[in-house]
Amino acid sequence: MKKILIADDEPHVLRVLKMSLEKEGYEVAVCANGMEALARIEKQAPDILITDIQMPLMTGEELCRHIEEYMPERSFLIFVLTSRTEIEHREWSRSIHNLLFLEKPVSIRNLVDRLDGYFSETTDSWKVM
Amino acid sequence: MKLNQRFGLIMIVATLLVMAATVYILFDYQRDERESLARAQGLDLVRLLGGMSWDELAPAPGRQGFLELLRRGQSNPDFAYGAVVDTAGEVASEVTRSGVIIPANKIADEPASWLGQQVVASRNGDTRFIESHAPVFADGIHRGFVRLGYFEPRLQLSLSQMPFMATLMLPIFLLVPLFYFLLRQEIKPLRRISERFDHLAEQAGLNHVELQPSQALSDFMEQFSSYIEATQTRIEVLNREQESLQMSSKLLTYRNNRIDAILQNFPDAIVVIDEAGDVSYANSKVGRLLGIEHGNIIGRKPREWCSDPKIVPLLTFGDVKSGLQSNQDTVQVRLEDHSEKSLQFSVYPLFVPGDESRILGRLVVIRDVSETHLMRQRQNEFVSHVSHELKTPLNVMAMYSESLLTEGADDEQYRIEAVNVIHDEVERLSTLINNLLAINQYELGGVVAQRKHVRMHEFLEDTFANVTRSRAEKGLAFDLEIPREMSMVYIDKDLFRIAVNNLLTNAIKYSKPGGRVSMTATEDDESIEIVVADEGYGIAEQDQKQVFNKFFRSTDDNIRQQTGHGLGLSLARQIVLMHHGDLSFSSELGKGSQFRIKLEKVSTQIMDAAAS
């Protein structure tokens, strides 16, 4: 079963995503900030990390930078939930590989499709925003 | 005639005069000598002859008398005649120098004047003689007189005196050139001065003053005064020129000062760098902006007075020749006093006016864009925040509604949960939008308080209930203490609700779980006071100054955990101020905060009167 880790400070988001993705057959773990997420990843790397940007203690951006720096070999894909569409606000992500943005509001259907596509490795459609 | 030529002439004339005078004095002296000799000799001789007898003096004819002896033995060239006369004046015997006729001379009969001397003129009056006479006796009887005449000496030059004269004149004559030479030496400086004046006058374009040759003595003085006049004229011309130069200089200084004043008062810092790369001008703002002493900048290269590696390349921008194009860059610099500034450097080439191929240097304008930068940064943060704040509830609603449409619709409990969540999020969105609109309106000056008479008791109770109703999740205790009877106040109910609402929401948001949130109101004769207190995280001291600033959010992690956009307190304060009230607070980190609204009753009454 593919493991998905979700980091978001909004409990409702965590609840809906967890429920929806579990129904699709994924193993879902949730945490409320970057710190928690990092602790989990260090114990066991997920297959996918979905993270919000604005979170207390450690933001999504800090989490991604940290991962890039200390786990350069990591293979899992990162989805970053963002409310900003401007390119300048995504500048920081240039130096981080295997990272995609998911714009809010997020469609659960769309997310599931992309996850399925990513794991089936038959199509590249999951890369398209 | 030149001055020195005249001098020479004067010298010669003077010498001749001196010589003539010398000769005259000499001759006069000689004449006096001869006269006195003639007088003495004459008198001695007549005395001698008077002692002789008549016969001896006037012998019989054919015999040689003493007179003949006298004539022959006479060496005095002035001797003229000798005669023996009887008492009647008849000549008894005589000797004369050739060509001399004995003049007539009647000697008085009185014995006192028998012996004497007198000057006697010749018969034709041409010649004068000095005659000495003495009585002659024969046998005790007065017979007559003996008379001896000498030529009265005249001034005359004898050839025998020529060598003496020549010897005398020669040294005098020889001394003249020597004196002349010495004199010339003496007046040489004067001549030089004169030549200089001539030269000066020529240079000044002045005409030489013609001098009358007769005024030889005053020539020099006149010439001198004319030169002085010429010099004065020249000095006047020069003075006028200097005055006009001074005027021009003053004008230039004034213009220079004006330009300097403009540049000094220019809002931005200005640096001019010449072709050699040295700073040729910098206004005082440069030093202030970069934290460098102004005096250290001029005439030096930027790298000599600026150590910031980010600034130096902006001031130099490569070499001058390649800097033909304007360039602009903004950098963040940390100054020596640790303040951080955003500086915008604009570099412009300075062309020679009318010749764009020649560059005089570069003009660097440094503008402090910290404020703008900060404002932009805050706005960016604000937009980022707002979009996050807007999209987060939207995201939750989208997810819940999507899940309701699909799998979750069957689950009754999930459906209730989803609807509740969506309802909450709508409320959250609505509050945010209201706040945003209010603050926007307020900033645009579009908010006019719609004041009405409001019952304070009901208003506070209602507001408190609305806020606390849906926020029981932290297990907070809510306290409301307001007097049963309160005055009517004249306020904009909707605006005031936002203010109180924001204070209450903050108190709840930043409370620790299980804490207490209270609202108390008191009233006295002058004012109404509303206090919202919590037992939450409190506000750190360094943040206290900024809590009313728009968009300000504390960096404290406890605060950051809560969503917020830094608008609530700013808005609350603006609303209270609008009602002529005062919003203050006291807070202690870790213990909680109290926010205090104070409304003056007088001001509300005045407003009341004004409105009605």
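In the predicted model, B:F478 stands opposite B:V517, a residue of β14(B), and the two strands concerned, β12(B) and β14 (residues 516–523) of chain B, pair in the parallel sense over 5 bridges. Strands are taken here as DSSP runs of E with at least two residues, helices as runs of H or I with at least four residues, both numbered from the N terminus, and two strands are regarded as paired if DSSP finds at least two bridges between them. Strands of a sheet pair through backbone hydrogen bonds, either parallel or antiparallel. The open sheet to which this pair belongs is formed by 5 strands of chain B in the order β12-β14-β15-β17-β16, with mixed pairing. Because β12 (477–481) and β16 (582–588) of chain B stand at the edges with a single partner strand each, one side of each is left without a neighbour in the sheet. From one strand to the next, the twist averages 10 degrees.

Helix α11 (residues 456–469) of chain B packs on this sheet and touches β12, β14 and β15 (527–534) of chain B, its direction making about 175 degrees with that of β12(B); contact denotes heavy atoms within 4.5 Å, and the axes are lines fitted to C-alpha atoms, for helices over the stretch in contact, with angles from 0 to 180 degrees between N-to-C directions. Helix α15 (residues 568–578) of chain B lies across β16 and β17 (592–600) of chain B, and runs at about 140 degrees to β16(B).

Residue numbers start from 1 along each chain as its sequence is written, while chains are lettered from A and ligands numbered from 1 in the order in which they are written. As this is a predicted model, local features need pLDDT of at least 70 and side-chain atom pairs count only at pLDDT 80 or more, whereas totals for chains, interfaces and linings use all residues, and side-chain values use heavy atoms, with hydrogens and water left out. For chain B the mean pLDDT, the predictor's confidence in each residue on a scale from 0 to 100, is 82, and 89% of the residues reach 70 or more. The scores of the model are ipTM 0.87 and pTM 0.47.

When residues up to four places away in sequence are not counted, B:F496 touches B:M456, B:F459, B:I491, B:I530, B:I575, B:H579, B:I597 and B:L599.

B:Y400, in helix α9 (residues 370–405) of chain B, counts as buried at 0% relative accessibility, where buried means under 20% relative accessible area, exposed over 50% and partly exposed in between (1.4 Å probe, protein chains only). With residues up to four places away in sequence not counted, the contacts of B:Y400 include A:H12, A:R15 and A:V16 as well as B:Y414 and B:E417. The C-alpha atoms of B:Y400 and B:R415, which are 15 residues apart along the chain, are separated by 8.9 Å.

Elsewhere in chain B, β3(B) and β4(B) run antiparallel and are joined by 6 bridges, with B:V119 opposite B:I130 in β4(B). Their hairpin has 6 residues between the strands, and B:G125 takes a positive phi near 80 degrees in it. Strand β4 (residues 128–138) of chain B is mostly covered, as 9 of its 11 residues are buried, and β4(B) also pairs with strand β5 (residues 141–151) of chain B in the antiparallel sense over 10 bridges. In the hairpin of β4(B) and β5(B), which has 2 residues between the strands, B:D139 takes a positive phi near 55 degrees. B:V100, located in the loop between β2 (91–96) and β3 (116–121) of chain B, is buried with a relative accessible area of 13%, and among the residues it touches, beyond those up to four places away in sequence, are B:F129 and B:F151.
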